[in-house]
Amino acid sequence: MILDENQYVWSFGKGTHGRLGHGNDQNSEEPKMIEGLRNISKISAGCRHGAAVGMNGDLYTWGFNFYEQLGLGTD
(Lines give C-alpha, C1' and ligand atoms only; values in the text may rest on other atoms or scores of the structure.)
Protein backbone atom coordinates (compact mmCIF):
# COMPACT_ATOMS: atom_id res chain seq x y z
CA MET A 1 0.00 0.00 0.00
CA ILE A 2 0.98 3.60 -0.57
CA LEU A 3 -0.19 6.73 1.24
CA ASP A 4 0.36 9.72 -1.03
CA GLU A 5 0.86 13.40 -0.15
CA ASN A 6 -2.85 14.08 -0.73
CA GLN A 7 -3.86 11.53 1.94
CA TYR A 8 -5.14 8.98 -0.63
CA VAL A 9 -4.39 5.26 -0.29
CA TRP A 10 -3.21 3.16 -3.23
CA SER A 11 -2.75 -0.61 -3.30
CA PHE A 12 -1.46 -3.25 -5.68
CA GLY A 13 -0.53 -6.93 -5.67
CA LYS A 14 -2.56 -10.06 -5.07
CA GLY A 15 -6.26 -9.28 -4.70
CA THR A 16 -7.80 -12.47 -3.28
CA HIS A 17 -10.10 -12.10 -0.25
CA GLY A 18 -10.49 -8.38 -1.01
CA ARG A 19 -7.07 -7.64 0.43
CA LEU A 20 -6.48 -4.68 -1.91
CA GLY A 21 -9.62 -2.82 -0.85
CA HIS A 22 -11.04 -2.41 -4.36
CA GLY A 23 -14.23 -4.37 -3.75
CA ASN A 24 -13.16 -7.41 -5.78
CA ASP A 25 -10.60 -10.22 -5.81
CA GLN A 26 -8.67 -9.04 -8.87
CA ASN A 27 -4.89 -8.75 -8.82
CA SER A 28 -3.37 -5.38 -9.69
CA GLU A 29 0.16 -4.97 -11.04
CA GLU A 30 -0.10 -1.18 -10.96
CA PRO A 31 -1.03 0.93 -7.90
CA LYS A 32 -4.75 1.75 -7.91
CA MET A 33 -6.39 4.30 -5.62
CA ILE A 34 -8.79 2.81 -3.08
CA GLU A 35 -12.04 4.63 -3.80
CA GLY A 36 -13.78 6.09 -0.76
CA LEU A 37 -10.65 6.47 1.39
CA ARG A 38 -9.87 10.16 1.74
CA ASN A 39 -7.98 12.21 4.33
CA ILE A 40 -6.00 9.23 5.62
CA SER A 41 -3.17 9.81 8.09
CA LYS A 42 -1.76 6.28 8.59
CA ILE A 43 -1.85 2.90 6.85
CA SER A 44 -0.86 -0.65 7.73
CA ALA A 45 -0.73 -3.74 5.53
CA GLY A 46 -0.82 -7.33 6.70
CA CYS A 47 -0.40 -10.46 4.63
CA ARG A 48 -4.10 -10.60 3.65
CA HIS A 49 -5.63 -7.42 5.02
CA GLY A 50 -5.17 -3.67 5.22
CA ALA A 51 -6.05 -0.87 7.59
CA ALA A 52 -6.12 2.91 7.47
CA VAL A 53 -6.69 5.65 10.04
CA GLY A 54 -8.44 8.81 8.93
CA MET A 55 -7.39 12.31 9.95
CA ASN A 56 -10.46 12.32 12.25
CA GLY A 57 -9.38 9.04 13.94
CA ASP A 58 -11.79 6.69 12.13
CA LEU A 59 -10.39 3.21 11.50
CA TYR A 60 -11.02 1.40 8.19
CA THR A 61 -10.18 -2.28 7.64
CA TRP A 62 -10.58 -4.66 4.69
CA GLY A 63 -9.48 -8.04 3.41
CA PHE A 64 -9.36 -11.57 4.79
CA ASN A 65 -11.02 -11.80 8.22
CA PHE A 66 -10.50 -15.52 8.97
CA TYR A 67 -8.78 -14.76 12.30
CA GLU A 68 -11.06 -11.77 13.04
CA GLN A 69 -8.08 -9.43 12.47
CA LEU A 70 -10.35 -6.79 10.94
CA GLY A 71 -12.08 -6.09 14.25
CA LEU A 72 -15.54 -6.72 12.82
CA GLY A 73 -16.56 -9.38 15.33
CA THR A 74 -18.31 -12.59 14.38
CA ASP A 75 -21.79 -13.30 13.04
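Visitor: What share of contacts between residues at least 6 apart in sequence join residues at least 24 apart?
Guide: 29% of them. Contact means heavy atoms within 4.5 Å.

Visitor: What sort of model is this, and how is it numbered?
Guide: It is a predicted model: local features need pLDDT of at least 70, side-chain atom pairs count only at pLDDT 80 or more, and totals for chains, interfaces and linings use all residues. Residues are numbered from 1 along each chain as its sequence is written, and side-chain values use heavy atoms, with hydrogens and water left out.

Visitor: How many helices and strands?
Guide: Zero helices and six strands. From the N terminus, the order is β-β-β-β-β-β. Both types are DSSP runs, numbered from the N terminus: helices are H or I with at least four residues, strands are E with at least two.

Visitor: How much of the chain is buried?
Guide: 27% of the 75 residues. Buried means under 20% relative accessible area, exposed over 50%, partly exposed in between (1.4 Å probe, protein chains only).

Visitor: Switching to Ser28. Buried or exposed?
Guide: Ser28 counts as buried because its relative accessibility is 15%. Ser28 sits in strand S3, residues 28-33.

Visitor: What does the Ser28 side chain reach?
Guide: The backbone oxygen of Glu30, at 2.6 Å. The cut-off for such a polar contact is a pair of N or O atoms within 3.5 Å; within protein, one must be able to donate a hydrogen and the other to accept it, and residues adjacent in sequence count only if both atoms are side-chain atoms. Leaving aside neighbours within four places in sequence, Ser28 is in contact with Ser11, Phe12, Gly13 and Leu20.

Visitor: Now backbone angles. What is the phi of Gln7?
Guide: About 65 degrees, positive, although Gln7 is not a glycine. Most residues other than glycine have a negative phi. Gln7 lies in the loop between strand S1 (2-3) and strand S2 (9-13). Gln7 is partly exposed, at 28% relative accessible area.

Visitor: And where is Asn39?
Guide: In the loop between S3 and strand S4 (40-45). Asn39 has a positive phi too, about 55 degrees. Its relative accessible area is 47%, so Asn39 is partly exposed.
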